[in-house]
Amino acid sequence: MDSDRYGNVIRWNARLSRLGDCIVVDSQAGANFHIGRGFDARRFEVILNGIDTDKFQADPAARPALRDQLGIFADTVLVIHVARVDPMKGHATFLRAMCANPVIRGMLVGAGTDKLDLPANGLALRMHTDVERFHPAADIVVSSSAYGEGFSNTVAEGMSAGLVPITTDIGDASRIVGATGLVVPPGDAAGLAAAIGEIAALTAERRRALCDGARARIVDNFAIDVAVTNYECLYSRR
């Protein structure tokens, strides 16, 4: 986290952490970060976020019409990047990676994306509260965050919708993705570009296998009912 912006909050919460019965965090990275800044390690319980797998799922029937609406050809590989414009989200890294892949389209969803200087293959959709409506048009979900992520809902929601994940190695990203996608260092535009190009170059069959694996990983490990069960276990122990 950005200590300049959140330093006082972190310090005060560290003092207060000894008063609570339990501190629930949504990632192991988040727990490690706060323990390292003086929070009471005995209070921590890691419960990963739960994804609504009914809301975020593949919809092949909606794909052609949605692509036609967006002006995306049927055979074009489309990457979706969902994030508000903020230094922590690494938009500059993502845009440089897209510039290096001119035949791949990049769709940016989030507040402020319409103000970015986009390459010719970029498409900005501003902020949407129904982002799940756009996932069926895409093939790959990308998170280019530079710092500050614990559990990336963007990555997990895209995987739930049957997209191949590519993410920077921030927070618990590797734990979410597993073997279903690619993880690159933060700020590495060349590495991100290579990862996008690698997935885009796969055969449709191989990409579909990764998509199916990504969806199954979320359903099995990060679905909302898994999180609910973990909370029930927490309360029953206390």
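This is a predicted model: local features need pLDDT of at least 70, side-chain atom pairs count only at pLDDT 80 or more; totals for chains, interfaces and linings use all residues.
## Surface and ground rules

Numbering runs from 1 along each chain as its sequence is written, and side-chain values use heavy atoms, with hydrogens and water left out.

## Overall build

The chain has nine helices and eight strands; these are DSSP runs numbered from the N terminus, with helices (H or I) of at least four residues and strands (E) of at least two. Its radius of gyration is 19 Å, close to the 18 Å that the globule rule gives for 238 residues, so the chain is as compact as a globular protein of that length. That radius is taken over C-alpha atoms, and the rule is 2.2 Å times the number of residues to the power 0.38. Along the principal axes, the C-alpha trace spans about 55 × 35 × 30 Å.

Of the 238 residues, 47% are buried (buried means under 20% relative accessible area, exposed over 50%, partly exposed in between, with a 1.4 Å probe and protein chains only). Among contacts with a separation of 6 or more, 61% join residues 24 or more positions apart; a contact means heavy atoms within 4.5 Å.

## An aromatic pair

The structure holds two aromatic pairs. One of them joins Phe151 and Phe222, edge-to-face, at 5.7 Å centre to centre and 65° between the planes. Phe151 sits in the loop between strand E6 (140-143) and helix H5 (153-160), and Phe222 in the loop between helix H8 (204-221) and helix H9 (224-237), so the pair ties together parts 71 residues apart in sequence. Both Phe151 and Phe222 are buried.

As for the terms, rings of Phe, Tyr and Trp (its six-membered ring) pair if their centres lie within 6.5 Å; planes under 30 degrees apart are stacked, over 60 edge-to-face, and the rest tilted.

## Buried spots

Helix H4 (residues 91-99) has several buried residues: His91, Thr93, Phe94, Leu95, Ala97 and Met98. Their cover includes strand E3 (78-82), strand E4 (105-109), E6 and helix H7 (189-200). Over in strand E7 (residues 164-168) you'll find Thr168, which is buried at 1% relative accessibility. Leaving aside neighbours within four places in sequence, Thr168 has contacts that include Ser143, Ser144, Val183 and Pro185.

Ala227 is part of helix H9 and is buried too, with a relative accessible area of 8%. Ala227 and Gly50 are 177 residues apart in sequence, yet 5.1 Å apart in space, C-alpha to C-alpha. Again setting aside neighbours within four places, Ala227 touches Ile47, Leu48, Asn49 and Gly50.

## Out in the loops

Arg126 belongs to the loop between strand E5 (122-124) and E6. This residue has a positive phi of about 60° although it is not a glycine, and at 53% relative accessibility Arg126 counts as exposed.

Gly112 lies in the loop between E4 and E5 and is partly exposed, at 27% relative accessible area. Gly112 and His135 are 23 residues apart in sequence and 19 Å apart in space, C-alpha to C-alpha.
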